[in-house]
Each structure stands twice: as structure tokens, then as C-alpha cells.
Amino acid sequence: VGLLSLEHQAISHVTGSASWLGLELAKGNLAQVLHLALVIVAFFFGAALSGWIIKDATLKLGRRYSLCLLIEALLLFAALKGFSSDAPTASLSASAACGIQNAMVSTYSGAVIRTTHITGTVTDLGIYFGHWLRGIPVEARRVRLHGLVVVGFLIGATGGAVAWLRWSFAALWLPVVICVALAAAYSIYRHQHLLP
């Protein structure tokens with residue numbers, strides 16, 4: 001939705017925002033430089049908030065994922081409302097939500113996981129393939145995990161584009177609802193299993 005709507009701004013990809021910031025800095029467009037810098041800072045603070053709430057980057061049941069998911073949903077709702085009224089803070093809310101999302105599960109089973117971009121994931125898959133070509137053992141579990149992340153990202157990107165073409169900014173309702181549903185499901189699971 002961000003790529004299709006915000007002057008093609010990559011609110012979930014800090015690398016894209018930083019590249020665009022460099023371009024705008026070179027052009028001397030200080031208003032856009034400030035906005036893009038704030039988008040990057042918002043992503044950073046979203047990730048920091050997740051780290052503060054969850055206290056680790058490794059997936060482990062019992063942590064406070066529900067709270068992070070609810071905050072992410074609120075930030076996406078704020079972005080939805082902001083985009084609908086052309087509020088300049090909408091992209092900041094969306095970027096902070098992406099920072100939370102990306103930081104919630106940064107490692108799983110020894111593999112680095114990123115959910116808002118796949119550059120590192122595709123890099124890792126390329127490394128694994130190179131190792132396989134040289135006869136170096138590769139953990140099949142990591143290859144499967146990274147493959148699932150790439151497929152999931154592509155499904156999400158396609159779904160986001162289809163939703164944008166059909167509903168414009170209202171497409172953000174889908175991740176808002178998913179975050180709330182996941183938060184509720186995880187809270188129930190945590191309560192039933194008496195996790196801390």
C-alpha cells in the first residue's frame with residue numbers, strides 16, 4: 001500500500017527510504033528530507049518499542065506478542081485514518097508499525113528473519129545455494145524457513161497490491177484485522193497454557 005500510494009515510498013524498507021532521502025538531499029528538497037528522515041526514525045522507534053516490550057529478538061512463546069500486535073494494529077489504524085485525510089503523519093504511523101512487525105521475530109531457530117523486506121533472506125538463500133554447489137552442507141530447515149518467508153512476502157505483496165487496486169487506503173483494514181485477531185488468539189493461547 002505504501003509503495004502504491006505514497007509517492008512510491010517504501011515505508012517498510014528503510015533502505016529504500018534512506019536511498020530516497022539521499023536523492024532528495026542531493027536535490028536540496030529539505031522538506032522531503034525531513035519527512036523521509038522521520039519515516040526512518042519512526043521505523044527505528046517501532047523496532048525499539050518491540051524490543052522494550054518483548055525483551056528479546058528470538059521467537060519464544062510466553063512473551064508479550066499480543067501487546068505488540070495490538071499497538072501495530074493501532075498504528076496501522078492511525079495510518080489508515082491519516083492517509084484518508086492526507087495527514088503527513090500517516091506514513092510515520094505505518095513505518096512505526098512496520099518497525100514493530102519486523103522486530104517482533106528477528107530470529108527463529110538460529111536463522112535471521114525479516115518480515116518487511118526480503119533482501120537479506122534472498123541473500124541467505126543465495127549463500128546456501130552457493131554452499132550446496134560447492135558440496136558444503138546446508139541446513140535444510142533454514143532453507144525451508146527462508147523459502148517460506150520469501151513465498152509469504154510475495155503472497156502478501158500480491159495481496160496488498162490487489163487490495164490497493166480494489167479498495168485504496170481501506171486495504172489497510174486487512175492487516176489491522178489480522179493483527180487484532182492474532183493478538184486475541186495468542187492471548188487465549190497464552191492464558192490456556194499459563195505462559196508468563
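Q: What is the relative accessible area of E139?
A: E139 has a relative accessible area of 39%, so it counts as partly exposed. Keep in mind that this is a predicted model.

Q: Which side chain meets E139 in a salt bridge at 2.5 Å?
A: That is R141, with 2.5 Å from N to O. R142 also meets E139 in a salt bridge, and there the N to O distance is 3.7 Å.

Q: How do the salt bridges join E139, R141 and R142?
A: The bridges share partners, which puts E139, R141 and R142 into one network.

Q: How many salt bridges turn up in the whole structure?
A: A search of the whole structure gives three. One of them joins the side chains of E24 and K27, at 3.5 Å from N to O.

Q: Where do E24 and K27 sit relative to each other?
A: Both are in helix 2, which covers residues 14–27. They are three residues apart there, so about one helical turn separates them.

Q: Is E24 buried or exposed, and is K27 buried or exposed?
A: E24 is buried, with a relative accessible area of 5%. K27 is exposed, at 57%.

Q: Changing topic. Which helix holds E72?
A: E72 is in helix 4, which runs over residues 65–84.

Q: What is the nearest side chain of opposite charge to E72, and how far away is it?
A: R114 is the nearest, and it is 14 Å away. E72 has no salt bridge, although it is buried. A salt bridge needs the nitrogen and the oxygen within 4 Å.

Q: What does E72 touch, then?
A: Setting aside neighbours within four places in sequence, E72 is in contact with A97, I100, Q101, M104 and C179.

Q: Which residues does L76 touch?
A: L76 is another residue of helix 4. Not counting residues up to four places away in sequence, L76 touches A97, L172, P175, V176 and C179.

Q: Is L76 buried or exposed?
A: L76 is buried, because its relative accessible area is 8% and the cut-off for buried is under 20%.

Q: How far is L76 from L92?
A: Their C-alpha atoms are separated by 9.9 Å. Along the chain, L76 and L92 are 16 residues apart.

Q: At what angle does helix 4 pack against helix 8?
A: The angle is about 165°, and the axes are 8 Å apart. That makes helix 4 roughly antiparallel to helix 8, since angles over 145 degrees count that way.

Q: Is that crossing of helix 4 and helix 8 left-handed or right-handed?
A: Helix 4 passes helix 8 in a left-handed crossing.

Q: Which residues meet there?
A: On the helix 4 side they include E72, A73, L76 and F77. On the helix 8 side they include P175, V176, C179 and Y186.

Q: How does helix 3 pack against helix 4?
A: Helix 3, residues 30–54, packs on helix 4 at about 155°, with the axes 9 Å apart. That makes helix 3 roughly antiparallel to helix 4. The contact is made by L49, S50, I53 and I54 of helix 3 together with Y65, L67, C68 and I71 of helix 4.

Q: Is the crossing of helix 3 and helix 4 left-handed or right-handed?
A: The crossing of helix 3 and helix 4 is right-handed.

Q: Last topic, the backbone. What is phi of D86?
A: Phi of D86 is near 60°, a positive value in a residue other than glycine. Most residues other than glycine have a negative phi.

Q: Where is D86?
A: D86 is in the loop between helix 4 and helix 5, the latter being 90–104. D86 counts as exposed, at 69% relative accessibility.

Q: What about phi of S168, and where is S168?
A: Phi of S168 is near 60°, again positive in a residue other than glycine. S168 lies in the loop between helix 7 (140–167) and helix 8 (173–192). With a relative accessible area of 30%, S168 is partly exposed.

Note on methods. Residues numbered from 1 in each chain as written. Predicted model: local features only at pLDDT ≥ 70, side-chain atom pairs only at ≥ 80, totals over all residues. Heavy atoms only, no water. Helix = DSSP H or I, 4+ residues; strand = E, 2+ residues; numbered from the N terminus. Buried < 20%, exposed > 50% of the residue type's maximum accessible area, 1.4 Å probe, protein only. Lys, Arg positive; Asp, Glu negative; His and termini not counted. Contact = heavy atoms within 4.5 Å. Axes fitted to C-alpha atoms, helices over the stretch in contact; angles between N-to-C directions. Parallel < 35°, antiparallel > 145°, perpendicular 65-115°, else oblique. Left-handed = near helix turned anticlockwise from the far one by under 90°.
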